[in-house]
Amino acid sequence: PGQARQGVPWVPYLGHKDYADLRLSATYLVPTGQADAPIEVVQSYTADQPRAVGIDAYWQVSTDSDDGISVAIYLNDTLLFRTVTTDLLALKNRRVLMQAGDILAFHVGTNQTPWGDYTEHRIILTNAPPSNFLLLSDN
């Protein structure tokens with residue numbers, strides 16, 4: 001990472017030396033690994049009290065990606081949503097009902113290969129979304 005290899009921009013990196021291509025910033029991410037050994041980027045939120053949480057999120061995969069990315073959303077260990085996308089995945093007006101201590105986790109990994117999987121992303125969580133927001137588990 002950093003400038004350890006020619007042609008790689010300097011990026012502060014505190015990860016494992018064997019996963020130098022893994023990246024997460026405020027605006028983009030890059031998963032790595034292979035289908036049989038994925039290295040996912042995981043972003044999570046832990047509820048401090050019982051609440052409904054609104055979700056508006058997007059992942060925009062680079063047109064250079066060989067086969068896109070996988071996106072999975074879990075509430076604790078329960079899978080709520082999973083898909084593969086090769087372009088734009090947008091979740092709008094969704095909500096999740098959480099109890100204190102529940103963990104909502106967004107997992108982004110490679111599809112089959114990591115080649116070109118640079119992905120712009122944004123996840124916005126809001127408190128007390130309108131009741132017309134679809135429950136994420138109702139997909």
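**View 1. The largest nonpolar core of this predicted model has 24 residues.** A nonpolar core is a set of buried Ala, Val, Leu, Ile, Met, Phe, Trp, Tyr and Cys residues joined through side-chain atoms within 4.5 Å. Buried means under 20% relative accessible area, exposed over 50%, and partly exposed in between (1.4 Å probe, protein chains only). The residues with the most contacts inside this core are Ile55, Trp59, Ile73, Val96, Met98, Leu104 and Leu136. Two or more core residues come from each of strand S6 (51-61), S7, strand S8 (78-85), strand S9 (88-98) and S10. S6 gives the largest share, five residues. Strands (E, at least two residues) and helices (H or I, at least four) are DSSP runs, numbered from the N terminus.

This is a predicted model: local features need pLDDT of at least 70, side-chain atom pairs count only at pLDDT 80 or more, and totals for chains, interfaces and linings use all residues. Residues are numbered from 1 along each chain as its sequence is written, and side-chain values use heavy atoms, with hydrogens and water left out.

**View 2. Leu136 and its contacts.** Which residues does Leu136 contact, leaving aside its neighbours within four places in sequence? They are Ile55, Ile73, Leu80, Phe81, Leu91, Arg94, Arg95 and Val96. Contact means heavy atoms within 4.5 Å. Across the protein chain, residues 24 or more positions apart account for 72% of the contacts with a separation of 6 or more.

**View 3. An open sheet of four strands runs in the order S5-S10-S7-S8.** Its pairing is antiparallel. Two strands pair if DSSP finds at least two bridges between them. S5 and S8 are the edge strands, each pairing on one side only. From one strand to the next, the twist averages 10 degrees. Axes for such angles are lines fitted to C-alpha atoms (for helices over the stretch in contact), and angles run from 0 to 180 degrees between N-to-C directions.

View 4. Strand S5 (residues 41-46) joins S10 through six bridges. Val42 has His107 as its bridge partner in S10. Strand S7 (residues 69-75) joins S10 through seven bridges. Here Ile73 has Phe106 as its bridge partner. S7 also runs antiparallel to S8, with seven bridges. Ala72 is partnered by Arg82 in S8.

**View 5. Six strands form a second open sheet, S1-S2-S11-S6-S9-S12.** Its pairing is mixed. Strand S1 (23-24) and strand S12 (134-135) stand at the edges with a single partner strand each, so one side of each lacks a neighbour in the sheet. S6 and S9 run antiparallel and are joined by nine bridges. Ala52 stands opposite Leu97 in S9.

**View 6. Asp48 forms a salt bridge with Arg51.** A search of the whole structure finds one salt bridge. The term means a side-chain nitrogen of Lys or Arg within 4 Å of a carboxyl oxygen of Asp or Glu. The closest N and O atoms of Asp48 and Arg51 are 2.6 Å apart. Arg51 counts as buried, at 17%.

**View 7. The protein chain has zero helices and twelve strands.** Buried residues make up 42% of its 139 residues.
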